[in-house]
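Me: Mind walking me through the charged pairs and the pockets in this one? I'd like to start with the pockets.

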Amino acid sequence: MVTSSPFPGKSTAGLLSPVVNDPIVNTRPGSPFDDVPTAVNSRCPSLDIDMEKRGDHDHIDIYDPNRPKLGFRQRIHHFTWAWFTWPMSTGGLSLLIFAQPYQFPGLRQIGFAVYITNLVIFTTLLICMITRFCLHRNDLRNSVTHPREGLFLPTFFLALATIITSTERYVVPENDVPLRWLILGAFWGYLLVTLVLAVGQYSYLFAKLQFALPTTMPTLMLPIFPIMLSGTIASVIAESQPDLAAIPIIIAGLGGQGLGLSVAFMMYSHMTGRLIQAELPNREHRPGLFMNVGPPAFTALALIGMANGLPDSFDREFDGILDANIIRTFALIAAIFLWGLSLWWFFIAAVAVISSPPKYFHLGWWAMVFPNTGFILATISIAKEFQSAHVLRFASALSILLVIMYFFVLFSHIRAVIKQDIMYPGRDEDVEDH
């Protein structure tokens, strides 16, 4: 469903409708990406994923319940990176279960079962993605350069981040030195890869694409999300590492978290400008607004966790002025400051979705789970610092609501796969539907 735009030739619906210049006529001079064929600049129809919607399926109403059913090979062609929002959310759920302030017998076992399930989901999706690239040889390049699907590539690394943190919580024993080194290596490897991703993907976007303000959506922040979660990983693993390793982890995590939040604030300016200038997104894509909840929420969580992970003996100048306790106090103040921003974005997104609920399932629905997980985790961390039983009970109630939302989205996801509402030409993130 496309709504009118005050700008000629532009739509106000959907996720990030980019304005792409003709690569032959308006290529930016001096760009290192000028000769790279992509889904939007290739002259070869076999490389143009969007061609499917304009070509063979022009005579088919993709929203018709009686539309033709497709086989596995055709459907796997539309298995996009956005599928990794599922294990990303499942991993977040396992962490939320572990962090619950009121534990009952068997809850940790449930959390461990969710962790194992998430590993199975992640592995299965990875196999499906490899199958797609094997059956459709051009899809790997097309998927990472596509102006819409490419923005979901970072969800693969976000799912990895939840696996690393969940492994630390559920698997690594307290005094197991080899596993501690394994987690340490995973952290530094993740930090390096996600830094390359953040620089590389934004460099490509800045060089090859233009994004119209009236159709901006929070997916433009996704490339910076993975390195931002390096701070969250650091907040989880630093406390169990030796002092010699913990401090570099916290410093690196703080740098990654700061980079992520800073870039997110830049993107917030575009998002709020779009909301003021062109109103709310089309109803089908409003759940994506919950992505805005994530950056301040996960930063609040990370600041408290990293401050608590500092060795108690930490004193930079050994003069008692800037010791661990002072840093923890400032971290808590900053966390509360950011928690308020996260709460505001939550209500903006909630009002938008409730006022005009989406009719058709999109993988962006998982945005109603993962970012809100960070918000609840931050709420729990702040409540524990103040030892507020009332806020802890409130966070527990929010956790129950999140579990309900998780299963609602999961049910809708499974139903959409069975009914071929997704993994179908024109219904996934590999086409520009706006």
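Reply: By class, the lining of the second largest pocket has 18 nonpolar residues, one polar and no charged. Here Ala, Val, Leu, Ile, Met, Phe, Trp, Tyr, Cys and Pro count as nonpolar, Asp, Glu, Lys and Arg as charged, and the others, Gly among them, as polar. Bear in mind that this is a predicted model, where local features need pLDDT of at least 70, side-chain atom pairs count only at pLDDT 80 or more, and totals for chains, interfaces and linings use all residues. Residues are numbered from 1 along each chain as its sequence is written, and side-chain values use heavy atoms, with hydrogens and water left out.

Me: Which elements each supply at least two residues of the lining of the second largest pocket?
Reply: That pocket has 19 lining residues, and Phe-346, Asn-372, Leu-401, Leu-402 and Met-405 lie nearest its centre. A pocket, on a 1 Å grid over the protein atoms alone, is an open set of points where a 1.4 Å probe fits, with protein on both sides within 12 Å along at least five of seven lines; lining residues have an atom within 4 Å of a point. The elements, DSSP runs numbered from the N terminus (helices are H or I, at least four residues), are H11, H12 and helix H13 (389–418).

Me: Which element gives the most to the lining of the largest pocket?
Reply: The largest pocket has a volume of about 610 Å³, a volume being the space filled by probe spheres set on grid points joined across faces, edges and corners. Its lining divides into 13 nonpolar, eleven polar and five charged residues. With seven residues, the top contributor is H12.

Me: How many salt bridges does the structure hold?
Reply: Side chains of opposite charge can pair when their charged atoms come close. The cut-off is a side-chain nitrogen of Lys or Arg within 4 Å of a carboxyl oxygen of Asp or Glu. One network of these links Arg-67, Asp-421 and Arg-427. The structure's count is seven.
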